[in-house]
Amino acid sequence: KADKMNLLNTMHYMFESQNPALAQQTLGSVETLSFCGLELTRIDCAVLSHVIGLCDTIKHLDLEYCRIQCDGLRRLGPVLHKCQYLGLGGNRLGDSGMKLLSVALMNADCKIQRLGLWRIGLTDSGAEVFVSAVITNRSLMELNLGGNELGDSGVKLVSVALRNQDCKIQRLQLHRVGLTDSGAEDLVSALSTNRSLTELELSENKLGDSGVRLASAALRNP
């Protein structure tokens, strides 16, 4: 944790110096930034956004469990699309936060391939805007939505994205989202036409034997 704090303090210094060359020289060819578990204020998020905006090498950004809220995410917004891996799990971003993230996903230059959104407070209400962004996105290959209160209606919206012929998602995590046998039917229907998905996580849901059989059969469908 001390190393993460030291790095954050260095970034504050780079921000205050307003010297782009210093930022590029200091970070050099750094590809991974991880602040997982370190509480980040909205000012910290603004500093991160500024520094990442000056560097084209950052591919992996782990901000899980940093207590980031919508205000902080808004400040990070301009650079989120630049990372190949973006971890935001454990932050209570809620439905309003997903609207901000959706902007990054719809960016024509979006490079996000892996997106971690475990336990961010997403519900079926916010899923609609988010799924619309996923449908237009052309880079996303792994998506973790576990631990969110999507329910059958939210999973039905996710299924719409899976039906899209341009969908590239290979790994989808929907564990502990409140899915029942009823909602599984929509998911299975989408899986029957999807050609990209190779891994689906559905543990800790309210699926009975019939739901499990349906999902298993759909995944075996060539």
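Predicted model: local features only at pLDDT ≥ 70, side-chain atom pairs only at ≥ 80, totals over all residues.

Student: OK, how many cavities of 30 Å³ or more does the structure hold?

Tutor: There are two of 30 Å³ or more. A cavity here is a set of points, on a 1 Å grid over the protein atoms alone, where a 1.4 Å probe fits but cannot get out, and lining residues have an atom within 4 Å of a point. Grid points are joined across faces, edges and corners, and a volume is the space filled by probe spheres set on the points.

Student: How much space lies in the largest cavity, and which residues line it?

Tutor: The largest cavity holds about 90 Å³, and its lining includes Val134, Arg138, Ala161, Asp166, Lys168 and Ile169. By class, the lining has six nonpolar, three polar and three charged residues, where Ala, Val, Leu, Ile, Met, Phe, Trp, Tyr, Cys and Pro count as nonpolar, Asp, Glu, Lys and Arg as charged, and the others, Gly among them, as polar.

Student: And what lines the second largest cavity?

Tutor: Phe130, Val131, Val134, Leu143, Leu145, Val158, Ala161, Leu162 and Ile169 form that lining. The elements giving two or more residues to the lining are α6 (124-136) and α7 (151-163), helices being DSSP runs of H or I with at least four residues and strands runs of E with at least two, numbered from the N terminus. About 50 Å³ of space lies in this second largest cavity, and its lining divides into nine nonpolar, no polar and no charged residues.

Student: Is alanine 161 buried or exposed?

Tutor: Alanine 161, placed in helix α7, has a relative accessible area of 6% and is therefore buried (buried means under 20%, exposed over 50% and partly exposed in between, with a 1.4 Å probe and protein chains only). Leaving aside residues up to four places away in sequence, alanine 161 touches Val131, Val134, Ile135 and Cys167, contact meaning heavy atoms within 4.5 Å.

Student: Switching to helix packing, at what angle do α5 and α6 pack?

Tutor: Helix α5 (residues 94-105) packs against α6 at about 5°, with the axes 9 Å apart; axes are lines fitted to C-alpha atoms, for helices over the stretch in contact, and angles run from 0 to 180 degrees between N-to-C directions. The two helices are therefore roughly parallel, a label for angles under 35 degrees, with over 145 roughly antiparallel, 65 to 115 roughly perpendicular and the rest oblique.

Student: Which residues meet there?

Tutor: Among them are Met98, Leu101 and Leu105 in α5, and Val129, Phe130 and Val134 in α6. The contact has seven nonpolar, three polar and two charged residues.

Notes. Residues numbered from 1 in each chain as written. Heavy atoms only, no water. 1 Å grid on protein atoms, 1.4 Å probe; cavity = no way out; pocket = protein on both sides within 12 Å on 5 of 7 lines; lining within 4 Å.
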